[in-house]
Amino acid sequence: MELIQNTPDISAYLAACDVIDHGHPLVRSTAATLAADASDAYTYAKAAFAFIRDTIPHSADTGDPRVTWRASDVLAQRTGICHAKAHALAALLRARGIPAALCYQKFEVVHGLVAVRLPGAERWIRQDPRGNKPGVDAQFRLDREQLAFPVRPECNELDYPVLFAEPHSAVLQCLREAVDRPHLWQTLPTEL
């Protein structure tokens with residue numbers, strides 16, 4: 001699948017916004033800690049991915065009712081659904097000058113991912129920081145995708161090819177308006 005930038009200017013995928021608040025002190029300090037052991041952009045990106053995937057539990061897996069959506073809140077509260085975790089990973093990547101885009105898949109509801117474009121790379125590669133569990137084995141890879149869930153076209157599932165510099169408005173509205181996770185699951189978009 002060819003991934004398509006929603007915004008042609010690559011600098012948009014480095015920018016901070018209300019959601020991807022990579023200027024926040026907690027995001028900056030987390031990025032600095034991860035960068036201390038990273039020798040290059042690839043090593044840092046892989047460490048940031050593993051940090052979000054493995055140390056921020058997916059709230060559906062743990063039953064945590066809190067709804068986070070801003071990157072700094074995900075890091076502070078240590079919880080989030082796929083979209084929130086994607087926002088946090090994008091912020092950590094952008095904090096170190098690595099372009100990061102938000103992208104989506106359609107299952108029963110819309111699933112959030114990140115695409116990364118390492119310095120010198122000519123293409124974007126999607127990564128899924130959702131969090132592993134039995135039957136889910138997402139890995140940081142540049143040679144091929146290893147996402148949490150492969151789409152099944154026969155079940156009306158699909159990959160959206162568009163790369164967004166900011167969260168899709170339909171996703172963001174649901175996250176901002178949800179008062180708790182059970183309510184959130186009832187309002188997540190089923191398509192974009």
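Trainee: Is His24 buried, partly exposed or exposed, and what is its relative accessible area?

Mentor: Buried means under 20% relative accessible area, exposed means over 50%, and partly exposed lies in between, with a 1.4 Å probe and protein chains only. His24 is partly exposed, because its relative accessible area is 33%. Please note that this is a predicted model, in which local features need pLDDT of at least 70 and side-chain atom pairs count only at pLDDT 80 or more, while totals for chains, interfaces and linings use all residues. Residues are numbered from 1 along each chain as its sequence is written, and side-chain values use heavy atoms, with hydrogens and water left out.

Trainee: Where is His24 found, and how far is His24 from Ala71 in space?

Mentor: Helices (H or I, at least four residues) and strands (E, at least two) are DSSP runs, numbered from the N terminus. His24 belongs to the loop between β1 (4-5) and α1 (25-35). Its C-alpha lies 8.9 Å from that of Ala71, although 47 residues separate His24 and Ala71 in sequence.

Trainee: Which residues does Thr7 contact beyond its neighbours within four places in sequence?

Mentor: Contact means heavy atoms within 4.5 Å. With those neighbours left aside, Thr7 touches Ala12, Tyr13 and Ala165. Thr7 is also in the loop between β1 and α1, and at 26% relative accessibility it counts as partly exposed.

Trainee: What is the order of the strands in the open sheet?

Mentor: Strands of a sheet pair through backbone hydrogen bonds, either parallel or antiparallel. Two strands are taken to pair if DSSP finds at least two bridges between them. Here 4 strands form an open sheet in the order β4-β3-β2-β5, with antiparallel pairing. β4 and β5 (158-159) are at the edges with a single partner strand each, so one side of each has no neighbour in the sheet.

Trainee: How many bridges join β2 to β3, and how many pair β3 with β4?

Mentor: Strand β2 (residues 100-106) is joined to β3 by 7 bridges, and the two run antiparallel. A hairpin of 3 residues connects β2 to β3. β3 and strand β4 (residues 125-127) pair over 3 bridges, again in the antiparallel sense. Val114 of β3 is the bridge partner of Leu102, and in β4 the bridge partner of Val114 is Gln127. Val116 stands opposite Ile125 in β4.

Trainee: Which residues lie on each side of β3, and are they buried or exposed?

Mentor: In a regular strand the side chains alternate between the two faces of the sheet. In β3, Val110, Gly112, Val114 and Val116 are on one side and His111, Leu113 and Ala115 on the other, and all are buried. For strand β3 (residues 110-116) the count is 7 of 7 residues buried.

Trainee: At what angle do α1 and α5 pack?

Mentor: Axes are lines fitted to C-alpha atoms, for helices over the stretch in contact, and angles run from 0 to 180 degrees between N-to-C directions. Angles under 35 degrees count as roughly parallel, over 145 as roughly antiparallel, 65 to 115 as roughly perpendicular and the rest as oblique. The axes of α1 and α5 are 9 Å apart, at an angle of about 70 degrees. The two helices are therefore roughly perpendicular to each other. Val27, Arg28, Thr30, Ala31 and Leu34 of α1 make the contact with Ala91, Leu92 and Ala95 of α5.

Trainee: How do the axes of α1 and α2 cross?

Mentor: The axes of α1 and helix α2 (residues 41-55) come within 9 Å and cross at roughly 120 degrees. That angle makes α1 oblique to α2. In this contact, Thr30, Ala31, Leu34 and Ala35 of α1 meet Tyr44, Ala47, Ala48 and Phe51 of α2.

Trainee: What is the phi of Arg78, and what is that of Asn156?

Mentor: Most residues other than glycine have a negative phi, and most peptide bonds are trans. Arg78 has a positive phi near 55 degrees, and Asn156 has a positive phi of about 65 degrees. Arg78 is in the loop between α4 (71-77) and α5, whereas Asn156 is in the loop between β4 and β5. Arg78 counts as partly exposed at 38% relative accessibility, while Asn156 is exposed, with a relative accessible area of 52%.
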